[in-house]
Amino acid sequence: MRNGKIAKLPVDVRVELHGRMENGEDGAVLLEWLNGLPEVQESLKAHFGGAPVSKQNLSEWRQGGFREWQIRRELIGQASEF
């Protein structure tokens with residue numbers, strides 16, 4: 001189970017983040033959006049001393065949690081075809 005800054009965010013925020021990432025939204029824009037959300041700020045304060053989501057956090061999520069989400073979606077899509 002993932003335990004980084006993005007993994008600790010509310011599910012609805014991560015779902016929107018995934019959609020934005022799939023649409024190719026720029027990382028700087030994503031960071032500004034994420035770090036500006038009150039629910040993200042609350043999560044970061046509760047778990048990480050208020051430190052914002054960084055470029056490195058986003059990069060690691062793109063390679064990890066986001067990729068897992070894409071694979072899971074592909075598998076569900078394939079399974080529904082059968």
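Trainee: Okay, starting simple. How many helices and strands are there in the chain?

Mentor: There are five helices and zero strands. Going from the N terminus, the elements run α-α-α-α-α. Keep in mind that this is a predicted model.

Trainee: And what box do the C-alpha atoms fill?

Mentor: Roughly 45 × 25 × 20 Å, taken along the principal axes.

Trainee: How much of the chain is buried?

Mentor: Buried residues make up 30% of the 82 residues.

Trainee: Which residues touch the most other members in the largest nonpolar core?

Mentor: Leu17, Leu34 and Val40 do, out of the 18 residues in that core. The helices α1, α2, α3, α4 and α5 each supply at least two residues of this core. The largest share comes from α2, with four residues. As a bit of background, nonpolar side chains tend to be buried together in soluble globular proteins.

Trainee: Let's stay with Leu34. What does Leu34 touch?

Mentor: Leaving out residues up to four places away in sequence, Leu34 touches Leu9, Val13, Leu17, Val40 and Val53.

Trainee: Which residues are buried in α2?

Mentor: Leu34 again, along with Leu30, Leu31 and Trp33. Looking down the axis of α2, you find its buried residues within an arc of 165 degrees, so they line one face of the helix.

Trainee: What do those buried residues pack against?

Mentor: The buried residues of α2 pack against α1, α3 and α4. On the face turned away from the buried side, α2 carries the exposed residues Ala28 and Glu32.

Trainee: What caps the N-terminal end of α2?

Mentor: Asp26 does the capping: one of its side-chain oxygens lies 3.1 Å from the backbone nitrogen of Ala28.

Trainee: And Gly27, where is that found?

Mentor: Gly27 is in helix α2. Gly27 counts as partly exposed, because its relative accessibility is 22%.

Trainee: Trp61 brings me to α4. Which residues of α4 are buried?

Mentor: Asn57, Leu58 and Trp61. Seen down the axis of α4, these fall within an arc of 95 degrees, so they line one face of the helix. What covers them includes α1, α2 and α5.

Trainee: What about the face turned away from the buried side of α4?

Mentor: That face of α4 carries the exposed residues Lys55 and Gln63.

Trainee: New topic: charges. How many salt bridges are there?

Mentor: The count comes to four salt bridges. One of them joins the side chains of Arg20 and Glu16, at 3.1 Å from N to O. Arg20 and Glu16 are four residues apart in helix α1, so they are separated by about one helical turn.

Trainee: What else does Arg20 form a salt bridge with?

Mentor: Glu25, where the closest N and O atoms are 2.9 Å apart. Glu25 is partly exposed, with a relative accessible area of 24%, and Glu16 is partly exposed too, at 39%.

Trainee: Where does Glu22 come in, and what does its side chain meet?

Mentor: The side chain of Glu22 meets that of Arg73 in a salt bridge, 2.8 Å from N to O. This pair links distant parts of the chain, as Glu22 sits in helix α1 and Arg73 in helix α5, 51 residues apart. As for networks, salt bridges that share partners join Glu16, Arg20 and Glu25 into one.

Trainee: Last one, Lys5. Is Lys5 buried or exposed?

Mentor: Lys5 is buried, yet has no salt bridge. The nearest side chain of opposite charge is Glu60, 9.4 Å away.

Trainee: Then what does the side chain of Lys5 reach?

Mentor: The backbone oxygen of Pro52, at 2.8 Å. The side chain of Lys5 also has a polar contact of 3.5 Å with the side chain of Asn57, one of the buried residues of α4. Lys5 itself is found in the segment before α1.

Trainee: What else is Lys5 in contact with?

Mentor: Setting aside its neighbours within four places in sequence, the contacts of Lys5 include Leu44, Phe48, Ala51 and Val53.

Key: Residues numbered from 1 in each chain as written. Predicted model: local features only at pLDDT ≥ 70, side-chain atom pairs only at ≥ 80, totals over all residues. Heavy atoms only, no water. Buried < 20%, exposed > 50% of the residue type's maximum accessible area, 1.4 Å probe, protein only. Lys, Arg positive; Asp, Glu negative; His and termini not counted. Polar contact = N/O pair within 3.5 Å; in protein donor to acceptor, adjacent residues only side chain to side chain. Contact = heavy atoms within 4.5 Å. Core = buried A, V, L, I, M, F, W, Y, C linked by side-chain atoms within 4.5 Å. Arc of directions from axis to C-beta.
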